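Please read the following report on a single protein chain alongside its sequence and coordinates. The text moves from whole-chain totals to a few individual residues.

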Amino acid sequence: MAHITALFVTENGSEPMRSVSDVQAVADRGLLNDRYFNGTGYYSPYDVCQVTLIASEAIDEINREFGLDLTAGEHRRNVVTEGIDVHDLLKHRFRIGDTVLEGTRPRPPCAHVEQLNEQDGVARALKAGRGGVCADVVEGGEIAVGDEITDIEKMDKTDSIIERLRSKTR
């Protein structure tokens, strides 16, 4: 069962992430009291992810492979998952707790994450598909540690359209 193992927010860009047990998600805005919700993120308003997700398995791999410790939010992502490849949530609507989100794009690491860490190599370690993904809040609600992640529907209908067109030409 895919679920949430940790949640992190910070009210202002460049400040340390803090662990929370639950957070309120607001439709079309993001996570209440998080930097991008407040418009104070380092990349606001140019490159905003309402919610960022990263797999705990990716964090464990980074910790082993690079000798880093990213368990206290040094990855700068909001939601830590377990039991799912977060890239499988791209172009999908999914539910966490009372909240419905839509996976929008990969979230590669940036030089800023490296500048904020006291550990060298964090940006490099977050590459190779380990940087997580962005999601938009479709329906607001509470997200809490332990909540299950449930896939609702695939948003990219390209495969089904192609299949329908092929079946009409047969």
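The protein exposes about 8700 Å², of which carbon and sulfur atoms supply 47%; such accessible areas come from the Shrake-Rupley method with a 1.4 Å probe, and for residues only the protein chains shown count as cover. This is a predicted model, in which local features need pLDDT of at least 70 and side-chain atom pairs count only at pLDDT 80 or more, whereas totals for chains, interfaces and linings use all residues. Residues are numbered from 1 along each chain as its sequence is written, and side-chain values use heavy atoms, with hydrogens and water left out.

Of the 170 residues in the protein, 44% are buried, where buried means under 20% relative accessible area, exposed means over 50%, and partly exposed lies in between (1.4 Å probe, protein chains only). The protein has 5 helices and 11 strands, these being DSSP runs numbered from the N terminus (H or I with at least four residues for helices, E with at least two for strands). Among contacts with a separation of 6 or more, 75% join residues 24 or more positions apart, a contact meaning heavy atoms within 4.5 Å.

Val48 is found in the loop between helix H1 (35–38) and strand S5 (51–55), and counts as partly exposed because its relative accessibility is 36%. Leaving aside residues up to four places away in sequence, Val48 touches Tyr36 and Arg105. Val48 and Cys134 are 86 residues apart in sequence, yet their C-alpha atoms are 8.8 Å apart in space.

Most residues other than glycine have a negative phi. Arg76, however, has a positive phi near 65 degrees, and Lys91 has a positive phi near 60 degrees. Arg76 lies in the loop between helix H2 (56–66) and strand S6 (79–82), while Lys91 is placed in the loop between S6 and strand S7 (92–96).

| Residue | Relative accessibility and class |
|---|---|
| Val48 | 36%, partly exposed |
| Arg76 | 10%, buried |
| Lys91 | 47%, partly exposed |

What does the charged end of Arg29 sit over? The charged end of Arg29 sits over the ring of Phe37, 3.8 Å from the ring centre; the criterion is that NZ of Lys or CZ of Arg is within 6 Å of the ring centre and within 35 degrees of the ring normal.
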